[in-house]
There are 2 protein chains.
Amino acid sequence: MASTSRADTPQASVWLSRKPVPKRKGDAEGGALDLERIVAATVRLLDAEGLAKFSMRRLAAELGVTAMSVYWYVDTKDDLLEIVLDGINGTMVVPDVSQEDGDWREQLRLLAVEYRKMLSSHTWVTQLLGRYLNIGPSSMAYTNACLAVIRRSGVGEERITGALSAVFQFVYGFCTAEGLFMERCNAAGLTEDEYFKLLMSEVSERYDYEESFKEAVDLMESQSALTREERREQDFGYALDTVIAGIEAMRDR
Amino acid sequence: MASTSRADTPQASVWLSRKPVPKRKGDAEGGALDLERIVAATVRLLDAEGLAKFSMRRLAAELGVTAMSVYWYVDTKDDLLEIVLDGINGTMVVPDVSQEDGDWREQLRLLAVEYRKMLSSHTWVTQLLGRYLNIGPSSMAYTNACLAVIRRSGVGEERITGALSAVFQFVYGFCTAEGLFMERCNAAGLTEDEYFKLLMSEVSERYDYEESFKEAVDLMESQSALTREERREQDFGYALDTVIAGIEAMRDR
DNA sequence: ACCTGAACACCGTTCAAGT
DNA sequence: ACCTGAACACCGTTCAAGT
């Protein structure tokens with residue numbers, strides 16, 4: 001009721017409530033808890049155990065506190081995760097985009113690589129990105145840098161959002177697949193190569209798959225000099241170059 | 001113990017268990033339940049209420065049956081969802097890719113559009129795609145068609161997976177964002193345009209956002225002749241053309 | 001102002017029991 | 001062979017109560 005949200009619809013985003021940072025310690029000097037400590041512990045747990053295993057009760061235990069204490073600092077689990085999400089977005093290094101003479105291709109590439117670095121060092125972020133609005137201050141700074149760069153590419157104004165989609169939805173998709181695969185490997189206690197091999201061998205045990213899988217398996221094994229990780233890195237680079245080359249080609253048509 | 005899975009690691013995929021379709025009615029003619037009815041009800045619920053609200057108990061209620069009955073046909077919730085996922089993959093129309101004279105650009109575009117149609121008519125699919133291996137029979141048929149098409153593009157063998165990533169991870173990312181936005185609109189009981197407008201007005205109420213948001217808002221409003229949906233359709237088309245143009249450009253370098 | 005404990009309405013899944 | 005009921009170990013969150 002105290003916020004700007006409508007009717008009985010749940011609040012669309014923490015960032016739309018009155019105070020810039022939702023709940024804060026009034027005084028300096030520490031009680032046991034404060035929002036910063038809660039956020040830090042959340043990130044630690046998410047990095048270590050993944051989103052699926054994260055719970056408010058688990059978090060409270062990590063903080064050495066009762067289940068409900070956290071709720072004094074944060075209204076809901078969703079609000080907490082939204083704050084954490086923007087915090088992680090703030091770890092991206094946004095290149096200085098103000099000077100007009102920089103190469104937009106290089107800068108766009110840099111932004112994409114930075115995005116990827118963030119997404120693949122915190123595999124749970126992709127799982128939150130779509131769920132929340134991601135309109136916190138750090139996220140907005142990043143978005144605006146992307147806009148500024150693509151504007152200098154010479155792409156027509158009405159194609160700007162499409163061009164940005166081609167780049168950043170690709171990175172998002174790529175890192176989602178990558179992250180979930182990595183989480184699966186961790187859960188199984190195997191390296192990516194081991195997990196992949198195990199999978200392939202189990203799959204080829206099933207006669208009726210032999211035929212349909214062969215093409216895909218052959219392709220994978222033709223690159224067997226590289227580790228899975230190196231291969232992914234290569235794929236990402238190729239694909240990113242492809243998209244940027246496409247933006248250039250479409251502009252020149 | 002009866003399956004090929006290792007140690008205490010949970011089964012990596014239903015499709016790796018012995019029987020092609022995990023559990024099946026032995027006899028013809030119907031009791032109350034069977035796997036087909038369960039799968040159909042699951043899809044119906046997921047379409048109507050989304051993944052977050054789906055539960056085994058909710059499903060059982062929908063089928064007019066006790067919570068645990070479903071477990072006779074399916075080992076876990078994950079197994080059920082994996083089967084459902086492949087079933088939906090089977091609704092894609094895979095173009096005939098066998099003749100060598102077709103235009104690979106058109107066929108690749110067709111495959112991407114088909115993928116998108118599937119993903120955006122079942123918004124919950126993107127949320128499952130990363131979680132499960134997606135190596136069921138229907139999914140494999142689609143993947144193989146993609147491989148066949150990209151092979152005819154003339155892209156070097158070691159760039160094939162990168163090129164495919166550029167296309168399909170983009171589509172995946174795009175449809176994920178799209179789907180989650182649509183779900184949010186449905187939950188709020190608003191059309192996409194209404195929801196977007198509401199959001200923009202709430203955001204601009206916050207003084208400290210005014211500045212950082214202006215660029216993005218201006219961009220959106222410069223296209224205000226179109227509905228959000230038409231805009232998205234346009235963006236998707238542009239972006240897809242961009243990626244395909246990029247594959248061509250990279251090949252010719 | 002900050003934290004606790006009990007409680008509510010949910011989960012997925014196990015297991016012994018019914019027909 | 002198929003379905004049920006009670007139970008276990010979890011959730012997020014509310015609310016009255018403590019200090």
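Trainee: Which are the buried residues of helix 6 of chain A?

Mentor: Keeping in mind that this is a predicted model, the buried residues of helix 6 of chain A are A:Ser139, A:Met140, A:Tyr142, A:Asn144, A:Ala145, A:Cys146, A:Leu147, A:Val149 and A:Ile150.

Trainee: And what should the 15 residues of that helix 6 of chain A span?

Mentor: Helix 6 of chain A runs over residues 137–151, and at 1.5 Å a residue it should span 21 Å, which agrees with its end C-alpha atoms being 21 Å apart.

Trainee: Switching to helix 8 of chain A, which residues are buried there?

Mentor: In helix 8 of chain A the buried residues are A:Glu192, A:Tyr195, A:Phe196, A:Leu199, A:Met200, A:Glu202 and A:Val203.

Trainee: Where do they sit around the axis of helix 8 of chain A?

Mentor: They lie on the same side of helix 8 of chain A, because the arc they cover around the axis is only 165 degrees. As background, an α-helix has 3.6 residues a turn, so residues three or four places apart point the same way.

Trainee: How many salt bridges and polar contacts cross the interface?

Mentor: The rule finds 0 salt bridges between chain B and chain A, whereas it finds 6 residue pairs in polar contact there, both residues of each pair being at pLDDT 80 or more.

Conventions:
Residues are numbered from 1 along each chain as its sequence is written. Chains are lettered from A and ligands numbered from 1 in the order in which they are written. This is a predicted model: local features need pLDDT of at least 70, side-chain atom pairs count only at pLDDT 80 or more; totals for chains, interfaces and linings use all residues. Side-chain values use heavy atoms; hydrogens and water are left out. Helices (H or I, at least four residues) and strands (E, at least two) are DSSP runs, numbered from the N terminus. The expected span of a helix is 1.5 Å times one less than its number of residues. Buried means under 20% relative accessible area, exposed over 50%, partly exposed in between (1.4 Å probe, protein chains only). The arc is that of the directions from the helix axis to the C-beta atoms. A salt bridge is a side-chain nitrogen of Lys or Arg within 4 Å of a carboxyl oxygen of Asp or Glu. A polar contact is a pair of N or O atoms within 3.5 Å; within protein, one must be able to donate a hydrogen and the other to accept it, and residues adjacent in sequence count only if both atoms are side-chain atoms.
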